[in-house]
Amino acid sequence: MYEFQLIQSTGFRNHGPEGARDGVEIRLRLPNYRGMRLSLLDGIDVTLDGEFFSHEVTSLIVGGRMYDLAAMRDATTVRWAMGEHASVFVPKPGGLLPGIHHVKVAARVRSPYFPPHLQPLPVHAERLATIVLP
């Protein structure tokens, strides 16, 4: 079920096989009021426990496929549909330790009807989230 908050209460987890974690996944809802093409999303900045990860190093997982920033910019025919969850992948070798973490995201959305000097418009969210498994 879709939650109002950009950062969903489920889906926060380490990425990769146990013993070889390569990052962290954070489940998000669509940061827009309607579905959008991925090329209108200019990446997602993430801060985990005060450590900043630029939109240039994070990736988005939509429909089981991972898109880095260059792939998102080229994905003019791929849609992130309303009601569909996606996850932002944060490259962090070893992942996070089990426990409560402070998570902040800024989804950088471009709107085709806004002047270029006002873009991208960041959609901010933050919350506490828990890693259960190592």
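**Entry 1: the annotated span.** I began with residues 3-113, whose end C-alpha atoms lie 27 Å apart and whose span is 5% helix and 43% strand, where helices (H or I, at least four residues) and strands (E, at least two) are DSSP runs, numbered from the N terminus. I noted that this is a predicted model, in which local features need pLDDT of at least 70 and side-chain atom pairs count only at pLDDT 80 or more, while totals for chains, interfaces and linings use all residues. Residues are numbered from 1 along each chain as its sequence is written, and side-chain values use heavy atoms, with hydrogens and water left out. In UniProt, I found residues 3-113 listed in an unreviewed entry as "domain: C-glycoside deglycosidase beta subunit"; its positions are given in the numbering used here, feature names are shortened, and annotations may be inferred rather than shown by experiment.

**Entry 2: salt bridges.** Side chains of opposite charge can pair when their charged atoms come close. I looked up salt bridges, counting a side-chain nitrogen of Lys or Arg within 4 Å of a carboxyl oxygen of Asp or Glu, and the count came to six.

**Entry 3: Asp42 and its partners.** I found a salt bridge between the side chains of Arg73 and Asp42, at 2.9 Å from N to O. Arg73 belongs to helix H1 (residues 69-74) and Asp42 to strand S4 (residues 41-48), so this pair ties together parts that are 31 residues apart in sequence. Asp42 also forms a salt bridge with Arg110, and here the closest N and O atoms are 3.4 Å apart. Because Arg110 lies in the loop between strand S10 (99-109) and strand S11 (121-131), while Asp42 lies in strand S4, the pair ties together parts that are 68 residues apart in sequence. I then checked accessibility, taking buried as under 20% relative accessible area, exposed as over 50% and partly exposed as in between (1.4 Å probe, protein chains only). Asp42 is buried at 6%, whereas Arg73 is partly exposed at 42% and Arg110 is partly exposed at 27%. Asp42, Arg73, Arg108 and Arg110 are linked in a network of salt bridges.

**Entry 4: Glu51 and Lys92.** I also looked up the salt bridge in which the side chains of Glu51 and Lys92 meet, at 2.9 Å from N to O. Glu51 lies in strand S5 (residues 51-53) and Lys92 in the loop between strand S9 (86-91) and S10, so the pair ties together parts that are 41 residues apart in sequence. Glu51 is partly exposed at 37%, but Lys92 is buried at 18%.
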